[in-house]
Amino acid sequence: MSNYDFAPDEQLLMGRIDFGAPRRTLTGAADDAVGEYLAALMYNGQIGSDYLIQARPKYMAYVQATDKNALGLQYLSPWAKTCSKKVQATFGHEPRFVLLEQPFGRRHSNWRAAKSLFLHT
């Protein structure tokens, strides 16, 4: 799915979630922690359903987010907050979200700028 499948108000922005390298004793739990965290974000509507995970040595996920602040703590559901705590325990810090593309600017259109008009009575 691309940005062009959505109306301008509903565009998805390409971003990367950096998890880092897991602690040595918790490398087996890293896959589950990342997968569950992304599932919680997707269930809550904060990221799109298409994402790519790069694992080992450092985990990162390429996602389509709904907003540049979509992964803020104030927007996390209770399930996502528990998953975030699991990620913190596994990796030693919170996941970092980096926006890879800028949101489209809103253009305010005016009927006077239209090349043609359709009059309906």
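Helices (H or I, at least four residues) and strands (E, at least two) are DSSP runs, numbered from the N terminus. Pro78 sits in one of these runs, helix H2. The structure here is a predicted model, in which local features need pLDDT of at least 70, side-chain atom pairs count only at pLDDT 80 or more, and totals for chains, interfaces and linings use all residues. Residues are numbered from 1 along each chain as its sequence is written, and side-chain values use heavy atoms, with hydrogens and water left out.

Let's start with the overall layout. The protein has 2 helices and 4 strands, and reading along the sequence gives the pattern β-α-β-β-α-β. Of its 121 residues, 31% count as buried, where buried means under 20% relative accessible area, exposed over 50%, and partly exposed in between (1.4 Å probe, protein chains only). Contact means heavy atoms within 4.5 Å. Among contacts with a separation of 6 or more, 73% come from residues 24 or more positions apart.

Next come the two helices. Two packed helices are described by the angle between their axes and the distance between the axes. Axes are lines fitted to C-alpha atoms, for helices over the stretch in contact, and angles run from 0 to 180 degrees between N-to-C directions. Helix H1 (residues 27-44) packs against helix H2 (residues 78-91) at an angle of about 155°, and their axes are 9 Å apart. H1 is therefore roughly antiparallel to H2; angles under 35 degrees count as roughly parallel, over 145 as roughly antiparallel, 65 to 115 as roughly perpendicular and the rest as oblique. The crossing of H1 past H2 is left-handed, a label used if the near helix is turned anticlockwise from the far one by less than a right angle (right-handed if clockwise). Residues making this contact include Ala33, Tyr37 and Ala40 of H1, and Trp79, Cys83 and Val87 of H2. Sorted by class, the contact has 13 nonpolar, 2 polar and 2 charged residues. Here Ala, Val, Leu, Ile, Met, Phe, Trp, Tyr, Cys and Pro count as nonpolar, Asp, Glu, Lys and Arg as charged, and the others, Gly among them, as polar.

Two residues of H2 are worth a look. Cys83, in helix H2, is buried, with a relative accessible area of 1%. Setting aside neighbours within four places in sequence, Cys83 touches Glu36, Tyr37 and Ala40. Its C-alpha atom is 9.5 Å from that of Leu41, 42 residues away along the chain. Pro78, by contrast, counts as exposed because its relative accessibility is 65%.

What about the core? A nonpolar core is a set of buried Ala, Val, Leu, Ile, Met, Phe, Trp, Tyr and Cys residues joined through side-chain atoms within 4.5 Å. The largest one has 21 residues, and those with the most contacts inside it include Ile17, Tyr37 and Phe91. Strand E1 (13-20), H1, strand E3 (59-65) and H2 each give two or more residues to this core, with the largest share, 7 residues, coming from H1. Beyond four places in sequence, the contacts of Ile17 include Leu38, Leu41, Val63 and Phe97.
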